[in-house]
Amino acid sequence: QVQLVESGGGSVQAGGSLRLSCAASGITSSIYCMAWFRQVPGKEREAVAAFSAPDGTTTLADSVKGRFTVSKDNAEKTLYLQMNSLKPEDTATYYCAERWVWNCRVSGLRSADFPSWGQGTQVTVSS
């Protein structure tokens with residue numbers, strides 16, 4: 001059973017930075033996709049970043065490209081989302097998710113396709 005635990009959320013002013021972490025356990029396949037989604041009340045979860053294993057390809061949504069980076073520490077089995085130049089519109093609950101799929105890319109990712117989720121971490125950006 002895959003378990004995901006996010007940490008690192010908080011409140012910052014616009015222009016600030018945060019780094020989110022997602023500690024994973026129970027992933028037994030070498031082929032998987034880990035993604036960061038975010039959600040604001042009343043809206044669907046939006047995929048903002050994806051990591052594809054085993055190739056290690058990372059992709060970012062256009063809304064965060066140039067400001068966010070996604071990376072994975074294989075030794076620590078942790079996925080990171082470095083968020084710089086934060087904007088008020090980045091305010092959301094951020095979730096880490098995992099599924100078995102080959103060659104995943106952030107475009108086209110749907111939350112309904114992911115069986116494993118973390119508990120979420122709140123990011124609040126004030127203007």
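This is a predicted model: local features need pLDDT of at least 70, side-chain atom pairs count only at pLDDT 80 or more; totals for chains, interfaces and linings use all residues.
Local features require pLDDT of at least 70 and side-chain atom pairs count only at pLDDT 80 or more, whereas totals for chains, interfaces and linings use all residues. Residues are numbered from 1 along each chain as its sequence is written, and side-chain values use heavy atoms, with hydrogens and water left out.

With a disulfide defined as a pair of cysteine sulfur atoms within 2.5 Å, the count is two. One joins C22 to C96 at an S to S distance of 2.1 Å; its torsion of -75° about the S-S bond makes the link left-handed. C22 belongs to strand β3 (residues 18-25) and C96 to strand β9, 74 residues apart, strands being DSSP runs of E of at least two residues, numbered from the N terminus. Both C22 and C96 are buried, that is, under 20% relative accessible area with a 1.4 Å probe and protein chains only (exposed is over 50%, partly exposed in between).

The other disulfide joins C33 to C104 (S to S 2.2 Å), and is right-handed because the torsion about its S-S bond is about 75°. C33 lies in strand β4 (residues 32-39) and C104 in the loop between β9 and β10, so the bond ties together parts 71 residues apart in sequence. C33 is buried at 0%, as is C104 at 4%.

Most residues other than glycine have a negative phi, and most peptide bonds are trans. A cis peptide bond, with omega about 10°, joins A53 and P54. Positive phi values occur at S85, near 50°, and at N103, near 60°. S85 is partly exposed at 41% relative accessibility, and N103 is partly exposed at 38%.

Definitions and conventions. Helices (H or I, at least four residues) and strands (E, at least two) are DSSP runs, numbered from the N terminus.
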